[in-house]
Amino acid sequence: MAARPWTTLEALPPGSRARVVNINAPGRWSYRLLQMGFIPGAIIEIVVNNGVGPILVRIMGITISLGRGIARRILVEPI
Amino acid sequence: MVTYRMNLGKTGSQEIVVGVIGQPNVGKSTLFNLLTGRKVHVANWPGVTVEKHEGWREHHGYRLHFIDLPGIYGFSASTLEEVIARNFIVSGEADVLIVLIDSTAPERTMYLAIQALELFPRTIVVFTKSDLTHAHGIHINYEALANRLGVPVVSVSAVTETGIDRLLDLIIEVARGRIGRGKPLKIGYGELEPFISEVEEIAKRSSLSEDYPLRWLAVRLLEGDQELIRRLEKRGEKDIVKEVMRLRNEVINVFKRRPEEIMAQRRFEYLSKIVEGIVVRVEVKPGVYEWIDKVFAHPVIGSITSILLLVSLFIVVFTLNTGFPFNIILENLGYSGAAEYLEEYSLGGLMEKLIVLASGLVEGAVAGYPQWLQSLILDGVIGGVGAVLVFLPLIFLVALMLAILEDSGLSPRIAVSLHNLLSKIGISGHAVFPITLSLGCNVPAIMATRATPSYRERLRLITTLAFIPCQARLVVILAFASALRGLGSIAVIALSYLGAFLTFMLVNKALYIYDRKKGYAEEPELLLELPPIHKPIPKVIWWLTWDSVKHFLKKAGTIIFLVTLVAWALLYFSPSLSPAKELSESIGAGIAKLFAPLLIPLNMNDTQAWMMAYALIVGFLAKEAVVGTLALLAGTNTATDAIKTLGYSDPQIAALTMFIVLYVPCAATLAVVYSESRSFKTTLLTIALMLSIAYMVMIATYVIASLFI
Ligand SMILES: Nc1nc2c(ncn2[C@@H]2O[C@H](COP(=O)(O)OP(=O)(O)OP(=O)(O)O)[C@@H](O)[C@H]2O)c(=O)[nH]1
């Protein structure tokens, strides 16, 4: 299977799905993201992304909102 | 290691200590209330201002002592709450631990449960909100899960109360060692195992190995646990820190990933194996309320919706309470009869009648008492506390409103919608919860800033949150505004809130700019879980509302009562400690007259100036006491009548209202500013900011209002 190009979470359109590749956020944030299930391989569904403002995603059955700065730190592979 | 132990309770029945933990939003507070029958004792965890709730219940001859641990996501020690929770667990204080899992999102919320099991074997896994699984299309095989985890598993619902008895039985069984695990759970960390073994060898030499299970300690150290490392350094075990760090760096070099990331991944993998075939989702339909999320997350519509929602909720509360603002609108349309009717039968109006009635009855009853005692009871107690109690319905309604926002899940949506707007003044959507809480009371609001991930942002919030008018100030605002006729009162209330929010925003912006110049500030960021929107649960709403009404009643009965009593005594006695012939010869008046010149710019006569100064000084301790004190000074039943009797002009009333809105809300707020910031400087800065801004705004309001009236 040809590897799809990686991108960051805030660049994905609503309704799309992606697999987490890795996260690259400062300490405190990265612990919290890991605890919330943002681990490599986890599948994320984008619920809302308006191009500005926080995005909404679903991960492991829970809706989470992320500021764009945080979302930019999450590297994903669209699926 | 944890030793097995049960205490003999006071009643002679055996006491079992039960720790309750769970991730945020899993339904922990609700279940805790149900388990304890709401007979809860609230204190702080030692040395910190995080609240500790404890409750008791008798079951089959045992006395179950529940301790509510803070809601946390895991044990990474990246927050104070996480440290508190895990230190409690390893302390051996608990006989049994119950870990809550949200049935509607088991895969994620079970993460904490397996971390707890790694640390503490005598654990019961509890699935909450079982009434919802059906609607979510989730099926869980609890028995199979219990077999795989080796601990009892039970599902409960706080709504239908199913499973509660079974849970209580299980607690006793586990405490008696009849069922459950003997040893903590061991999760395989794959490629990290050799490293963990090495860290274990190193950690063995550390004094910390007496406090924690060795494997757990090794795992946590490899994850770079800040708290453990700090403790090692404090104990002078720097060589151990160094060796652990070397291994940690080796992991990063070899795998090009941080150990904590690999471990979180292995835990979730372990979890997905555990739940395989046990948690089955029949259908994953998007929530019925997903459109609500879309509305609130919209960059334009979202913030407008939120602001409109909050403003209209406030208007509803006002209307129910005093008929305001519809009474005024009706009056101006020429329906003064209808307006009066609305006022008279509003909750506030009825309460006022009740108090007038009560004071009439008491007046008759105390007729034969000595003069000072009559004055104490009538002026001090009935006058002071009564003037505050008139506002009980208001407190109730605001609490109800906040409870509904909170329980329905709307509150975090509002946070999302306002995040962008708030970013401009350097705060994030996380601040919305403290800000809304502030409309009720600043004290819990300032404590709630703890969830703000950025330290500087949090410090700015602690300094500025008190600008948001709490209910106590709302009480005073309403009393003052009601002394104005017609549209003036609407204008003053609107001005108070606008002025307060504007000040909050401007000061935040200024502090943010300062922080940025100094290079401290980060862009405000958001990372927030949105629990499902649902119809508020009446029982839960009632609990939340009653808690804050109870808080107010307690305050009215103790602090406000004492402050009013002191205020009364200072006015009753003259400096020679004999009853003062005139109020103006009392001790209180003497003190107030020192400060009265500050009110000169408002062109008051001497009496007006010292009396207001006195009320404002008393208000420094507890804002509600301003209304009681004014009523006391003027010898009226309500503060509104007092203001009319003392004859303050409209511009004076407007200016004083602004001062009251913006100056230090109460002594308790200052105490919590200090305890949360741990900085004398920040506390002084807060006082200075509030006093100077309030004073300037007061004079400006007076000057401008005088031009128009
Ligand atoms: N349907 C249903 N809803 C529940 C149940 N228990 C709690 N809830 C709801 O779940 C939400 C979270 O409940 P809380 O008790 O506040 O949860 P918590 O874990 O204490 O969360 P925090 O207060 O954020 O720490 C609330 O909206 C409750 O009304 C339950 O048994 N059934």
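How many salt bridges does the rule find across the interface of chain B and chain A? The rule finds one, where a salt bridge is a side-chain nitrogen of Lys or Arg within 4 Å of a carboxyl oxygen of Asp or Glu. The side chains that meet there belong to B:Glu82 and A:Arg32, with 3.8 Å from N to O.

Before we go on, a word on how to read all this. What you have is a predicted model, in which local features need pLDDT of at least 70 and side-chain atom pairs count only at pLDDT 80 or more, while totals for chains, interfaces and linings use all residues. Residues are numbered from 1 along each chain as its sequence is written, chains are lettered from A and ligands numbered from 1 in the order in which they are written, and side-chain values use heavy atoms, with hydrogens and water left out.

**Where the two chains meet**

Let's stay with the interface. Here 41 residues of chain B are in contact with 33 residues of chain A; contact means heavy atoms within 4.5 Å. The two chains bury about 3300 Å² between them, and 63% of that is on carbon and sulfur atoms. Buried area is the accessible area (1.4 Å probe) that two parts lose on being put together, summed over both. B:Arg108, B:Glu525 and B:Leu527 supply 20% of the area that chain B buries against chain A, more than any other three residues.

There are also 10 residue pairs in polar contact between chain B and chain A, both residues at pLDDT 80 or more. A polar contact is a pair of N or O atoms within 3.5 Å; within protein, one must be able to donate a hydrogen and the other to accept it, and residues adjacent in sequence count only if both atoms are side-chain atoms.

Which elements of chain B supply at least two residues each to the side that touches chain A? They are helices H3 (106–119), H11 (259–275), H12 (290–297) and H19 (410–423), plus strand S11 (527–530). Helices (H or I, at least four residues) and strands (E, at least two) are DSSP runs, numbered from the N terminus. The largest share, five residues, comes from H11(B). Sorted by class, this side of chain B has 14 nonpolar, 12 polar and 15 charged residues. Ala, Val, Leu, Ile, Met, Phe, Trp, Tyr, Cys and Pro count as nonpolar, Asp, Glu, Lys and Arg as charged, and the others, Gly among them, as polar.

**A strand with partners in both chains**

Now look at strand S5 of chain A, residues 62–66, which runs antiparallel to S11(B) and is joined to it by four bridges. Two strands pair if DSSP finds at least two bridges between them. A:Leu66 stands opposite B:Leu527, and the bridge partner of A:Ser65 is B:Leu528.

Within chain A, S5(A) also pairs with strand S4 (residues 55–59), in the antiparallel sense and over five bridges. Here A:Arg58 stands opposite A:Thr63. The hairpin of S4(A) and S5(A) has two residues between the strands, and A:Met60 takes a positive phi near 50 degrees in it.

Why is S5(A) described as largely enclosed by the rest of the structure? Because five of its five residues are buried. Buried means under 20% relative accessible area, exposed over 50%, and partly exposed in between (1.4 Å probe, protein chains only). A:Ile62, A:Ile64 and A:Leu66 point one way, while A:Thr63 and A:Ser65 point the other way.

**Helix H9 of chain B**

In H9(B), residues 226–234, the buried ones are B:Glu227, B:Leu228, B:Ile229 and B:Leu232. They pack against helices H2 (80–90), H8 (214–222) and H10 (238–255) of chain B. B:Asp225 caps the N-terminal end of H9(B), with a side-chain oxygen 3.1 Å from the backbone nitrogen of B:Glu227. Just after the helix, B:Gly236 takes a positive phi of about 70 degrees.

Most residues other than glycine have a negative phi, and most peptide bonds are trans.
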